[in-house]
Structures are given as structure tokens and as C-alpha cells.
Amino acid sequence: MILQLKRWLSNRQIIVVADSFCASFRRLDAVRHHVCMITPRRLDARLFDAPHPQPAGKRGPKPKIGSRPGGAPQPTLKERIENDTVYWQTIIIPQWYGQSNKVMQIATGTAFWYKIGLPKQ
């Protein structure tokens with residue numbers, strides 16, 4: 001359905017806010033080049049930095065994750081919640097499930113969500 005919507009509205013950016021049902025690796029992989037998906041994540045999800053480009057002439061597979069030695073992950077979401085240095089922004093969402101003016105706090109960042117054997121997210 002999401003890909004059909006993108007076909008119909010090909011000149012528009014599509015942002016989909018979905019529940020955890022749509023947060024599986026395979027579903028996100030199917031649409032990742034076409035739309036922006038916002039889904040809940042598990043607090044222990046392994047998140048990584050983007051890989052550095054492979055040097056010219058280097059043989060072997062291209063790195064899939066992390067720029068730290070051994071591909072160490074970024075802090076987990078739980079660690080970020082407990083970190084006092086994370087900047088939280090307060091937003092107001094009108095008409096949140098029948099409520100009016102739901103106040104939420106959000107923090108943003110960029111990371112790769114990776115699971116061995118599946119494409120990088």
C-alpha cells in the first residue's frame with residue numbers, strides 16, 4: 001500500500017508514521033528508498049554509525065556498519081534516555097487519538113539499524 005501511494009504521488013515526499021507492526025526489518029527494507037518511515041524502536045536496538053567509504057584498491061566486502069573499531073554500536077536508546085546531555089525538544093501534537101494538544105518530548109539523531117544477515121537499514 002505504501003509503495004502504491006508513492007507511485008500515485010511520485011512528486012511528493014511521503015512520511016509514514018506507523019506502529020511497531022511496520023517496524024520489522026523486511027517491511028522497512030521494502031520501502032526504505034521510497035518513503036520516510038517513523039516507527040517505534042526497542043530500547044535495546046543496536047544502532048551504528050555510517051560506514052566510511054572503502055579505500056580504493058582494497059579488496060573484500062565493503063563495510064556495512066560502524067566507524068569505531070570492531071563496528072561498536074552507538075549508545076542504545078535506553079542509554080540515550082538516561083543521558084543528561086541529550087537535547088530533548090518539546091512538541092505539541094493536535095488531536096492525538098481523540099485528545100487535544102498532546103505534549104511529547106522528542107530527540108533526533110542518525111544511525112544505522114543493522115542485523116546480521118539482513119540488509120543495512
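What volume does the largest pocket have? It comes to about 1,800 Å³. Before going further, note that this is a predicted model, where local features need pLDDT of at least 70, side-chain atom pairs count only at pLDDT 80 or more, and totals for chains, interfaces and linings use all residues. Residues are numbered from 1 along each chain as its sequence is written, and side-chain values use heavy atoms, with hydrogens and water left out.

Rolling a probe the size of a water molecule over the atoms shows where empty space is left. Here a pocket is an open set of points on a 1 Å grid over the protein atoms alone, where a 1.4 Å probe fits, with protein on both sides within 12 Å along at least five of seven lines; lining residues have an atom within 4 Å of a point. Grid points are joined across faces, edges and corners, and the volume is the space filled by probe spheres set on them.

The largest pocket is lined by 41 residues, and Met 37, Ile 38, Thr 39, Arg 41 and Ala 107 are the closest to its centre. Helix H3 (77-82) is among the elements that give two or more residues to this lining, and with 4 residues H3 provides the largest share. By class, the lining has 26 nonpolar, 10 polar and 5 charged residues (Ala, Val, Leu, Ile, Met, Phe, Trp, Tyr, Cys and Pro count as nonpolar, Asp, Glu, Lys and Arg as charged, and the others, Gly among them, as polar).

Now for the chain itself. The protein chain has 3 helices and 6 strands, in the order α-β-α-β-β-α-β-β-β along the sequence. These are DSSP runs numbered from the N terminus: helices are H or I with at least four residues, strands E with at least two. Of the 121 residues, 21% are buried, meaning under 20% relative accessible area, with exposed over 50% and partly exposed in between (1.4 Å probe, protein chains only).

Take Lys 6, in helix H1 (residues 2-8). Is Lys 6 buried or exposed? Lys 6 is buried, because its relative accessible area is 18%. Leaving aside residues up to four places away in sequence, Lys 6 touches Arg 12, Gln 13, Ile 14, His 34 and Val 35; contact means heavy atoms within 4.5 Å.

Side chains of opposite charge can pair when their charged atoms come close. The structure holds 1 salt bridge, that is, a side-chain nitrogen of Lys or Arg within 4 Å of a carboxyl oxygen of Asp or Glu. Asp 44 pairs with Arg 42, the closest N and O atoms being 2.8 Å apart. Asp 44 is partly exposed at 46% relative accessible area, while Arg 42 is exposed at 57%.
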